Each structure stands twice: as structure tokens, then as C-alpha cells.
Amino acid sequence: MDNFDIPLVPGGYSRDDFAKLQIFEKILKGNVEGIIITGTCGNIEWVNNAFSALTGYTKDDVLGKNLSFLFAGAKNVHKAMCQKLNEVNHQEAENWICHKEGGRFLAKVTLSAVRSDADMITHHVVEFSNITEFRHAQDELARRTKELSRSNQELEQFAYVASHDLQEPLRMVASYTQLIAQRYRGKLDKDADEFIGYAVDGAIRMQAIINDLLALSRVNTRTTAFARTDTKMALDKALANLRLVIEETGANIICGALPVLNADSSQLTQLFQNLISNALKFRGSNSPCVQAGAELQGGEWVFHVCDNGIGIAPEYFERIFLMFQRLHSKQEYPGTGMGLTICKKIVDHHGGRIWVKSEPGKGASFYFTIPAALKEDL
Amino acid sequence: MNINSLGRPADFLLVEDNPGDVRLTQEALKSHKVQNNLHVATDGEEAMAFLRRQGKYANAPRPDIILLDLNLPRKDGREVLAEIKSDPNLKAIPVVIITSSEAEQDVVKSYNLNANCYITKPVNLDQFIKVVQSINDFWFTIVKLPSNPQ
């Protein structure tokens, strides 16, 4: 048979066969991918509608021609693929296909063999689709990933410079003003003591800020891949780190059940530690009580850390997550104003949200979400 | 005056390019009860010359302990550490890295190069003094060192 037009010979097929053939033809003709049927030498015997739409060539333009003219600079590739068909029934490759109007596009091409009952190859079937946009998207993604990686590296370097080079002169200022204060105590006047006190205090606060800035920058630059994390263990580690403060303040920490999920364990520890440290720091006159737990709600785990401390006024609910924002003077409560900023960055990094509910004088409840894992088997 | 476990003043080699830190270390060691002599090299080349008793250091004593900063001009502290710990005549000398860097990569690299320990210089003066005095206490009243080094 050398053409596929369904012959109108009623006697040759049963009505059902005829109906089936019509359906098959419609399916092939209307297929989203371009389809070419050739003989074993590659001469085109049939093309579908998508072929014409993708290449600009009509059926009449190409019938009888060898399909190698369609493939830009890939004559041998096609030949090689055809040869391989003797061993493997199915070949896939990416080729440039020439459009009738002169341009060309990148296509994913599949070459298959049609075999007779005697297992001889009678025809080749070529299916192809235009992957130009897909390839552009891939290239763009690769370019952005490279850019992001470079940007992260720069940040890491900056963080290292800040950590080392800034602290050196800082130490000199702090150490020698303290040395002067100690060495000349009583020999200088009271003003001198006061002035030196401010200088030392400034240097020490600068140190704390630099450390916190570093911690903030490291949330995104120094990450480990998410892994199975027992959030109870992350919380326990945070509590261990805060052991002294917990003892000193006589704090009571209550933990509910906590899930296992996909996360960065050390970042979660930092997150819990900052929240609980705040809960203890901003305690009221009562001995502090902190409750931590989590609930599964609509595909995400909602964690809470609630305290009975001094609380926060609603107008500050958003502000407290910004950098260097403090609601008290440093005499009242120490701190750099970065703790919650780091918390927010960690939660963002995990694809979650963080917010607070509170009333002045009635404690504060911090909530954050982490998406639950897609798989059940964690 | 406490004599340390060596029975004589300990010889410290401090490798540090910042004169402010040199002076602070001097002050810290001076005020301490345990007796010691402080020798100073201000860059990596000078440190190696001292250790190898070259040139003007021909009569230098073999230090009982080396306090080594990491970021030094000419020869970097990490190179000095590597050289000391790969030299059969020098590698037994305890090397205490004392640097402003807190960077994890520096900590890891130093221990991999066989530093005896790694200390980050405290910002607070009192703590700095305490740290230097602790080094003195630990290595010369608690730790046992070889009694007859070459």
C-alpha cells in the first residue's frame, strides 16, 4: 500500500472496520504532534495537519520527497537513526527542523519502525513537536541559577569580610578603652569614666549587630538541603542552648506533640531558640511560662510558641519582623532587633508564614507554618 | 610566684601582626602569676626564621607553645601552621590558633592542619585576659608536655 487515503470500496472492508479506520485517521491527522510516515528510504508518504502547521509545508509540497530536507544540517543524523532502527524500534533525538519560510525551530523528534507480520520494516514514522520555547525556558532557568549562585557567593564573601575585618578594629577600640578605664581608675575624673563607658558599650553593641547580620545572611547563603527533621529534636536543641537562661528565669516550658517534616534542622533550632529566648526576655513579673506545639491544618503544619510575658501592641505586629526594629530602649531590654528578622527569613526559606497574636500585658503567641511533606512516608 | 610544670618560665612564641593585640597579650601574661617569656614574630616569615633559629634568631629558644594568628602578612598563618605540623622537629610544639575569625571554614581548616586548638579572640577585654591566662594555666599547669624537646 503506498497511500493512506481510505478507499471508498465498501466491499473491501466491513462497515465497522471502515468506521474504525476513519477514527484512526482522524486521530492521526488531528494529533498535536507533527507526524510523517515514510518508506524505508525516507520518502514521505503521508503527513498530518500538525506537520503543516509546524513546518509551513502543505501535504502536496512534500509528498514523495525525502524527508532529510526538513532536517537542518542533520542528514547523517537521520541516516544514523534509520540504521539504528534495525536494532531498536524507537529513537529519540533533538533536531533543528526547517520551516518553509526559511527559519528553523528546535524539535524533539521520535523515529519509529512499522513492521510487517513477517517482522520486516515496511515504514518509518516520525513524530515531532516544537520545543523552542521549552528550551528557552530551560536556558533562562540555567542562567538564573548561575546568577543566583554567583550572587550567593558574593554574599558569603561579604559575610566573611564583615565577620573578620570589621571585628578587628572593633576589638581594638573596646579593649583599649577598657584597659584605660581599668589602668587609670580614680586617676581620671568621673566624666572620663562615663565617656569611656559609652565608647565600650558602643563597641560591644556593634559586635552583637555584626554577629546577627552574619546570622541573617547565612540563612540563605549557608543552607543545607532539606531533610527529614524531627522538629521535637530541633526544639530540644534550642532548649539545651537556652538552658542557663531557663534556669535563671525559672521558666516552665511545655511542649505539645511536634511533627517530623522536611526542613533544615539547624535553622529550625535557631528559629525556636530566637522565639523562646524572646519569650523569656520579655517576661513580665510572673515567672515565664512558654508553650510550644503544632497542628496540621490544610496541608501545612502550624507551629505556635506562646508566652505569658509583657505582650505586644497590635500596631507593632508587622514592624517587629523588620531589621533592627526594637520596641524598647536597650536599658529596658537588651538586644539588636534582629531576632525576629532572622525568624522570618528562616520561615520564608521554608516556604511558610510567620505572624503574632498578642495584647499588651497578656503575653504573646507567635505562629509559623511549614508545608507538610508531599509524601506520607516521612 | 607559681612555677609551672616545666620548672622554669615557659617560652611563648606569639605570631601576631597587630601591635595592639601583641600589647594586650603582653599585659595579660604580665599580670598572671605563672611565669613566662613572651617572644613575638610579626609575620609568618619571621615566625619560621625564629623556629628554625635562622639569621638573627640563631640563639632563639625553642618555644614551649606557639600562639598563632591566622591572617598575617607575607606568610599567612595557615601556611605557618602547615609548615610547623609537617616539620618533624617542630610538630610536637603545641600550636594554639588565636584569631578574630569565627568562620567555620577557618576552624575546620585549622584542625585539619593539626592545630592543637582554635580560639577566637574575645571582644571583651576581661575575657581576652582570661583566655590568655587560661592558655597559660592549661598548657603549663594541667597539660603534660614532653620533658626533653630537641
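## Ground rules

This is a predicted model, in which local features need pLDDT of at least 70, side-chain atom pairs count only at pLDDT 80 or more, and totals for chains, interfaces and linings use all residues. Residues are numbered from 1 along each chain as its sequence is written, chains are lettered from A and ligands numbered from 1 in the order in which they are written, and side-chain values use heavy atoms, with hydrogens and water left out.

## The antiparallel sheet of chain A

Let's start with the sheet of chain A whose order is S2-S1-S5-S4-S3; it is open, has 5 strands and is paired antiparallel. Strands S2 (44–47) and S3 (90–98) of chain A are at the edges with a single partner strand each, so one side of each has no neighbour in the sheet. From one strand to the next, the twist averages 25°. (Strands are DSSP runs of E, at least two residues, and helices are runs of H or I, at least four residues, both numbered from the N terminus; two strands pair if DSSP finds at least two bridges between them; angles run from 0 to 180 degrees between N-to-C directions, with axes fitted to C-alpha atoms, for helices over the stretch in contact.)

Within this sheet, S1 (residues 34–39) and S5 (residues 121–130) of chain A run antiparallel and share 6 bridges. Gly39(A) has His123(A) of S5(A) opposite it.

## The mixed sheet of chain A

Another open sheet of chain A has 5 strands in the order S7-S9-S10-S12-S11, with mixed pairing. Its edges are S7 (252–255) and S11 (354–358) of chain A; each has a single partner strand, so one side of each is left without a neighbour in the sheet. Here the twist averages 20° from one strand to the next. S10 (residues 300–307) and S12 (residues 364–371) of chain A pair antiparallel over 7 bridges, and Trp301(A) sits opposite Ile370(A) in S12(A).

On S11(A), the covered face holds Ile354(A), Val356(A) and Ser358(A), while Trp355(A) and Lys357(A) are on the uncovered one. S11(A) and S12(A) run antiparallel with 5 bridges, and Ser358(A) has Ala364(A) as its bridge partner in S12(A). The two strands make a hairpin with 5 residues between them, and Gly361(A) in the turn has a positive phi of about 85°.

Chain B has 5 helices and 5 strands, in the order β-α-β-α-β-α-β-α-β-α from the N terminus. Of its 150 residues, 54% are buried (under 20% relative accessible area; exposed is over 50% and partly exposed in between, with a 1.4 Å probe and protein chains only).

Arg78(B) lies in helix H3 (residues 77–86) of chain B and counts as buried because its relative accessibility is 15%. Its side chain makes a polar contact with the side chain of Asp106(B) at 3.1 Å (a pair of N or O atoms within 3.5 Å; within protein, one must be able to donate a hydrogen and the other to accept it, and residues adjacent in sequence count only if both atoms are side-chain atoms).

## The largest cavity

The largest cavity is lined by residues including Leu14(B), Asp21(B), Lys121(B) and Phe128(B). (On a 1 Å grid over the protein atoms alone, a cavity is a set of points where a 1.4 Å probe fits but cannot get out, and lining residues have an atom within 4 Å of a point.) Helices H1 (19–30) and H5 (125–142) of chain B each give at least two residues to this lining.

Notes
On a 1 Å grid over the protein atoms alone, a cavity is a set of points where a 1.4 Å probe fits but cannot get out, and a pocket is an open set with protein on both sides within 12 Å along at least five of seven lines; lining residues have an atom within 4 Å of a point.
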